[in-house]
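Let's work through a few exercises together, step by step. Keep the structure open beside you as you read.

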Protein chains: 2
Amino acid sequence: MAARDYGQYDGVTRALELVGERWGLLIVRDLLVGPRRYGELAEGLPRIPSNILAARLKELQAAGIIRRAPRSRVIVYELTPYGRELEPVVLSLSTWGFKSLDAPREEQIVTPDGMTIALRSAFRPDAAAALPSTSYAAGFAGTELFINVDGTDFGVQRGMAPADLEFATDSQIRAVLSGDLDSVRVLNGDPRLLARFAQTFRLAA
Amino acid sequence: MAARDYGQYDGVTRALELVGERWGLLIVRDLLVGPRRYGELAEGLPRIPSNILAARLKELQAAGIIRRAPRSRVIVYELTPYGRELEPVVLSLSTWGFKSLDAPREEQIVTPDGMTIALRSAFRPDAAAALPSTSYAAGFAGTELFINVDGTDFGVQRGMAPADLEFATDSQIRAVLSGDLDSVRVLNGDPRLLARFAQTFRLAA
DNA sequence: CGGGATCCCTTAGGATACTG
DNA sequence: CAGTATCCTAAGGGATCCCG
């Protein structure tokens with residue numbers, strides 16, 4: 001940490017020294033969704049070299065951001081309380097970054113954890129509170145999520161399941177989260193629920 | 001940008017591709033305080049190599065985050081509207097990073113722009129609204145700032161000036177912003193105003 | 001003097017193969 | 001499955017130089 005520090009004393013500098021290395025915040029992003037095994041992390045970050053993933057996990061551990069926890073015969077990595085406090089950082093990055101995204105390029109993959117964080121950064125609790133509880137099954141460029149909104153809370157799980165509304169979009173994920181629903185295919189359920197989804201999850205352009 | 005991308009499609013990834021390179025967010029941090037000339041940026045980031053500063057400025061420009069603006073014979077760099085929207089990212093990093101800071105090390109410098117952002121991330125508008133307008137002249141490890149709080153607004157300028165309260169601390173900056181005022185030297189004014197400062201600017205531990 | 005560009009060298013990070 | 005080991009490229013660090 002001494003060789004790559006910035007020589008300054010302030011919060012931003014300190015934060016970047018702890019989680020500013022390449023891939024660091026993407027690992028934190030996935031762990032914000034839930035504890036993950038080494039292989040699950042590697043699967044969600046297909047382009048990270050194995051040695052880099054191992055190095056980052058050690059550094060994040062040393063910094064007190066994640067910990068290794070044994071879970072019935074296997075090891076999982078999970079955020080410590082201090083690590084979980086990175087959620088505002090990750091969500092504000094997600095909000096900001098989404099604004100300049102357009103359609104996914106050929107080589108870009110969409111992962112469940114990435115989309116889960118995107119939904120979290122787009123969630124409008126006050127809008128949701130005024131609407132009835134609703135479940136959605138959404139396909140985003142092949143990644144399938146089951147989303148259950150209930151008052152000011154919501155949960156996301158992987159995979160499709162029967163829901164009030166089932167819909168999918170291939171390439172216009174940013175448009176959908178910005179409220180432009182033209183490219184959405186409704187697979188099942190009342191198409192008018194799409195407007196409700198758009199009110200509940202929205203990233204302003 | 002293509003060679004160093006992460007191969008994923010989501011907001012966090014996109015954001016890190018735009019501002020995640022080394023030094024990127026520190027440049028943005030300083031520009032959030034105000035437009036800066038090339039030399040001013042270099043002065044506030046003493047350890048950045050000149051070629052890296054030049055490269056980052058070009059990349060941030062190409063990404064639409066900053067722009068070069070002529071100001072009466074000289075060039076200044078300033079944030080675009082999209083760049084200014086990074087403020088929540090920088091402030092949340094500041095809030096998070098400060099929690100694990102202790103005293104500045106020998107080789108770490110304290111800069112006016114860094115402290116200004118630290119104060120911004122620590123500012124409690126609702127606490128300030130309930131208190132009388134107050135001006136502070138603060139010395140943080142040699143960096144002197146004049147802070148004027150008025151209702152839910154506040155401004156920071158460089159340098160000392162006559163203020164309701166003048167105080168200084170050398171090494172316990174984190175402690176001061178966490179409400180621990182034991183190490184503060186009051187230079188002028190009513191020492192009881194220190195408590196007001198601590199209510200107005202506070203980073204929870 | 002401000003605003004960079006150029007050089008050389010070090011090291012993080014990418015690709016891939018291997019091991020307990 | 002959960003990492004190490006190795007080799008190589010390219011980004012970053014440091015010093016110096018250039019140009020209007």
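**Exercise 1. Work out how helix 2 and helix 7 of chain A are oriented to each other.**

Keep in mind that this is a predicted model.

Step 1. Two packed helices are described by the angle between their axes and the distance between the axes.

Step 2. For helix 2 of chain A and helix 7 (residues 112-122) of chain A, the angle is about 75 degrees and the axes lie 9 Å apart.

Step 3. Angles of 65 to 115 degrees count as roughly perpendicular, so helix 2 and helix 7 of chain A are roughly perpendicular to each other.

Step 4. Now look at who touches whom: helix 2 of chain A brings A:R29, A:D30, A:L32 and A:V33, while helix 7 of chain A brings A:D113, A:G114, A:T116, A:I117 and A:R120. By class, this contact has three nonpolar, two polar and four charged residues.

**Exercise 2. Find the relation between chain A and chain B.**

Step 1. Chain B is superposed on chain A by a rotation of 180 degrees with 0.0 Å of shift along the axis, giving an RMSD of 0.0 Å.

Step 2. This is therefore the relation of a two-fold axis.

Step 3. In chain B, the C-alpha nearest the axis belongs to B:V89, 2.9 Å from it.

Step 4. Both copies use the same surface, as 100% of the contact residues of chain B recur in chain A.

**Exercise 3. Describe the largest pocket and its lining.**

Step 1. The largest pocket holds about 320 Å³ of space.

Step 2. Of its 25 lining residues, the closest to the centre are A:G20, A:E21, B:G20, B:E21 and B:R22.

Step 3. Sorted by class, the lining has 14 nonpolar, four polar and seven charged residues.

Definitions and conventions. Residues are numbered from 1 along each chain as its sequence is written. Chains are lettered from A and ligands numbered from 1 in the order in which they are written. This is a predicted model: local features need pLDDT of at least 70, side-chain atom pairs count only at pLDDT 80 or more; totals for chains, interfaces and linings use all residues. Side-chain values use heavy atoms; hydrogens and water are left out. On a 1 Å grid over the protein atoms alone, a cavity is a set of points where a 1.4 Å probe fits but cannot get out, and a pocket is an open set with protein on both sides within 12 Å along at least five of seven lines; lining residues have an atom within 4 Å of a point. Grid points are joined across faces, edges and corners, and a volume is the space filled by probe spheres set on the points. Ala, Val, Leu, Ile, Met, Phe, Trp, Tyr, Cys and Pro count as nonpolar, Asp, Glu, Lys and Arg as charged, and the others, Gly among them, as polar. Axes are lines fitted to C-alpha atoms, for helices over the stretch in contact, and angles run from 0 to 180 degrees between N-to-C directions. Helices (H or I, at least four residues) and strands (E, at least two) are DSSP runs, numbered from the N terminus. Angles under 35 degrees count as roughly parallel, over 145 as roughly antiparallel, 65 to 115 as roughly perpendicular and the rest as oblique. Contact means heavy atoms within 4.5 Å. Copies are superposed by least squares on the C-alpha atoms of residues with pLDDT of at least 70 in both.
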